[in-house]
Protein chains: 2
Amino acid sequence: MRYELYYTPSNQGRGEFVRLAFEETATQYLDVARMSGRGRGPEAVARFIQNATLKHPPFAQPFLKAGRRVIGQTANILLYLGPRLALAPKAQAERLWAHQLQLTVADLLKEIQDTHHPVAHGLYYHEQQAEALTYTRHFLAERLPKYLGYFERVLGGAQGRGCMVGTSLSYVDLSMFQLLEGLRFAFPQSMQRVESGYPAIVALHDAIAVRPNIAAYLKSERRMAFNDRGIFRHYPELDALGS
Amino acid sequence: MRYELYYTPSNQGRGEFVRLAFEETATQYLDVARMSGRGRGPEAVARFIQNATLKHPPFAQPFLKAGRRVIGQTANILLYLGPRLALAPKAQAERLWAHQLQLTVADLLKEIQDTHHPVAHGLYYHEQQAEALTYTRHFLAERLPKYLGYFERVLGGAQGRGCMVGTSLSYVDLSMFQLLEGLRFAFPQSMQRVESGYPAIVALHDAIAVRPNIAAYLKSERRMAFNDRGIFRHYPELDALGS
């Protein structure tokens, strides 16, 4: 199968959750917006979405071209890829459970994005900083502990199974790795203060980081650095609210 | 199969998207939090989530008990129910497409909820009214037209197919009905002003409303009224921003 990922080259964003699945399984894929040439590059994403002849037009990026199919919504892409990349459980009930967890990761990601963009995606951070401070104060005090406590519970705590679904690696584990990486970048002080309360999440992160294909990817040029344009952004004044 | 829906009895909320699928297909289900007796009532939801022995604990409501299975995340519940209630297409590729659309509906619902709760779910509306005004101004001007324009495009416009996926009724159509109902309740002036731009969405809504099982449900006591505790809330000062 020929896989083409369409996602802005400006930041890791939601595309990274799909990249990690490809990288872990050493699956060939084209990262279309990061390539040059005809039908490639950043403009290819917008051009593709606006194509009026598309049978299944995506609402937003990322989306995946898998052969002739076009699939949107990050969690939906992983639902599709999971069994094909051997990153999902075999039983249907467990696949639905993996997807349910991925949707909960997606909900948390949206709330993380809203820490710096609480009132309008069309405004800059500095134009909504007052609102961002209020949002983030509540996020770090109430929402983040609720999500992390939930994921820790799903992992079974420090004596748990070491992965999110059953006893085998799934795409959800790769997403949990990325989630903790991003949280550490965005909120380094806050995370340092609370991480000891989530030993299973930290252990899962560390186990993923040393998997050979992931470790090689993280060192490669294909892995973008976190920056101030993605979901995870480091603004010290927001991080300070967690102390 | 014995279906039990767990969702707060205080408002329609996300539970309503599941109820509509059951009602359209005249499927028996228990609306647990709205019943009385042992293991029933509003407290049953929280008690269920906190049950430490659950294999697949949901993060939040709604969740569905289907026999011995527990399934969370509204779109995931509909992904599961769709084929079982004959409300999903037969082909796997089309099922994934239906789910992708449902996830986009879910994204819009979250943004609608944020119009009145932009900075913290733990605060009251009147405590974040200033932020709500800013959020809603951008939502009505930029986000809502983007979503509605997308759904109108998926429907193929006024001369389109009349349903969201293929040429048969699916759970996505029921969700689109509820979406327009809710938007009309929350933003009556704004919707009246813009609805003519979305003839296919309005036609779909009207076609769903007169389906016998849906029409009977809407007149029944099982259908709660919209109120000021749900996703869709009517605050005239927010609606006025769309004019």
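Reader: In what order do the 4 strands of the open sheet in chain B stand?

Author: In this predicted model, chain B holds an open sheet whose pairing is mixed. Its edges are taken by β2 (30-31) and β4 of chain B, each of which has a single partner strand, so one side of each is left without a neighbour in the sheet. Read across the sheet, the 4 strands follow the order β2-β1-β3-β4.

Reader: Which residue in β4(B) stands opposite B:Lys65?

Author: Strand β3 of chain B covers residues 63-66 and pairs with β4(B) in the antiparallel sense, over 4 bridges. The residue of β4(B) that stands opposite B:Lys65 is B:Val70.

Reader: Which element gives the most residues to the side of chain B that touches chain A?

Author: The contact draws 29 residues from chain B and 30 residues from chain A. On the side of chain B, two or more residues come from each of β4 (69-72), α3 (74-84), α4 (92-116) and α5 (129-155). By class, this side of chain B consists of 14 nonpolar, 10 polar and 5 charged residues. The element that gives the most, with 8 residues, is α4(B).

Reader: As by what kind of axis are the two copies related?

Author: Chain B can be laid on chain A with an RMSD of 0.0 Å, by a turn of 180° and a shift of 0.0 Å along the axis. The two copies are thus related as by a two-fold rotation axis.

Conventions: Residues numbered from 1 in each chain as written. Chains lettered and ligands numbered in written order. Predicted model: local features only at pLDDT ≥ 70, side-chain atom pairs only at ≥ 80, totals over all residues. Contact = placed C-beta atoms within 7 Å. Nonpolar A, V, L, I, M, F, W, Y, C, P; charged D, E, K, R; others polar. Least-squares fit on C-alpha atoms with pLDDT ≥ 70 in both. Pairing = 2+ DSSP bridges.
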